[in-house]
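Student: Could you help me learn how to read a protein model? I would like to go through it feature by feature.

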Amino acid sequence: MVSIDLDRRRRATHPLTGVADPSAAVRASAAVPFAVGPVTLGGTDHADGAIWSPNNADLAAATEPAAVVVISPMVPHAGGSPLARLHRRQLRSELAHLPATTPVVLVCPDPGPRGLVRTRSAGVAAVRALGSGQPRLLA
């Protein structure tokens, strides 16, 4: 889980295992400003990690993962508003921090007719198909 430490003005990551109260990390990660108040973790106030980035995918690079799955409900696979296109460019920039050999699977909306999100598995896209390094749609 990712939140913004409002006191230190930086991102914070929170494990969900091996901690006394994982629900606090989930609440902090979902504390959307003006909708939900900040959550206090470790003596500092935290808010939604999407303030920094809707994905925070670049944080995975520090852990040298075997594979990365990015669940990105705010970044459509194609098209979208100018803000959605900006988020897509930011996601590509974040994924560039990962080694090219790291398999990355991106789960994102796939606009259907009139911009509606498809409800079937067609909304799952792979930025890098597992091991191939080539983008492709997973159905």
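Student: Where does Arg-89 lie?

Tutor: Arg-89 is in helix α2, residues 82–95. Helices (H or I, at least four residues) and strands (E, at least two) are DSSP runs, numbered from the N terminus. Before we go on: this is a predicted model, in which local features need pLDDT of at least 70, side-chain atom pairs count only at pLDDT 80 or more, and totals for chains, interfaces and linings use all residues. Residues are numbered from 1 along each chain as its sequence is written, and side-chain values use heavy atoms, leaving out hydrogens and water.

Student: Is Arg-89 buried, partly exposed or exposed?

Tutor: Let's start with the cut-offs: buried means under 20% relative accessible area, exposed over 50%, and partly exposed in between (1.4 Å probe, protein chains only). Arg-89 has a relative accessible area of 48%, so it is partly exposed.

Student: How do I read strand pairing, and which strands are joined to β4?

Tutor: Two strands pair if DSSP finds at least two bridges between them. Strand β1 (residues 2–5) is joined to β4 by three bridges, and the two run antiparallel. Here Asp-5 stands opposite His-46. Strand β3 (residues 39–41) also has three bridges to β4, again antiparallel, and Thr-40 has Asp-45 as its bridge partner. In the hairpin of β3 and β4, two residues sit between the strands, and Gly-42 takes a positive phi near 60°.

Student: Why is β4 described as largely enclosed?

Tutor: Strand β4 covers residues 44–48, and four of these five residues are buried, so the rest of the structure largely encloses the strand.

Student: What does Asp-58 touch?

Tutor: Contact means heavy atoms within 4.5 Å. Leaving aside residues up to four places away in sequence, Asp-58 touches Arg-11, Glu-94 and His-97. Asp-58 is in the loop between β4 and β5 (68–71), and it counts as buried because its relative accessibility is 17%.
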